[in-house]
Amino acid sequence: MTPEEKALSLFRQPPRCLNCAQTICAAMGREDLVESMQHSARGQAPGGTCGALYAAMNLAPDRADSLRAAFTTTLGANTCAALKELRNPCPRCVVTAIRLLTSA
């Protein structure tokens, strides 16, 4: 299973119904961070940042700026509200964050 497939199999799926930020952590094997990301989705991450991007930046703090830049280039925005205005669905944001996080 690819990282993208793993993330999509976790995102909003029973029994856990993880949000976007929690999904990124769980898909990357960081179960220790899943609970702390409970309130980092739906525009609640600092600055309204997409929760998937926020989690990715937390998992790779040394690459946070480049992750944000690449995410913004790919999807046209990095805040939840702006992504919604551009009609980027949450699963696309999750997949984009995982791809960027797992790319070298």
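Modeller: A salt bridge here is a side-chain nitrogen of Lys or Arg within 4 Å of a carboxyl oxygen of Asp or Glu. The model is predicted, so local features need pLDDT of at least 70, side-chain atom pairs count only at pLDDT 80 or more, and totals for chains, interfaces and linings use all residues. Residues are numbered from 1 along each chain as its sequence is written, and side-chain values use heavy atoms, with hydrogens and water left out.

The structure holds three salt bridges. In one, R30 meets D32, at 2.7 Å from N to O. R30 is partly exposed, at 33% relative accessible area. D32 is exposed, at 54%. Buried means under 20% relative accessible area, exposed over 50%, and partly exposed in between (1.4 Å probe, protein chains only).

Next, E31 pairs with R16, and the closest N and O atoms are 2.7 Å apart. E31 sits in helix α3 (residues 31–34) and R16 in the loop between α1 and α2 (20–27), so the pair ties together parts 15 residues apart in sequence. Helices (H or I, at least four residues) are DSSP runs, numbered from the N terminus. E31 is partly exposed at 41% relative accessibility. R16 is partly exposed at 40%.

Then there is E4 with R99, the closest N and O atoms being 3.1 Å apart. E4 belongs to helix α1 (residues 3–10) and R99 to helix α7 (residues 90–102), so this bridge ties together parts 95 residues apart in sequence. E4 counts as buried, at 19% relative accessibility. R99 is partly exposed, at 49%.

Conventions
Helix = DSSP H or I, 4+ residues; strand = E, 2+ residues; numbered from the N terminus.
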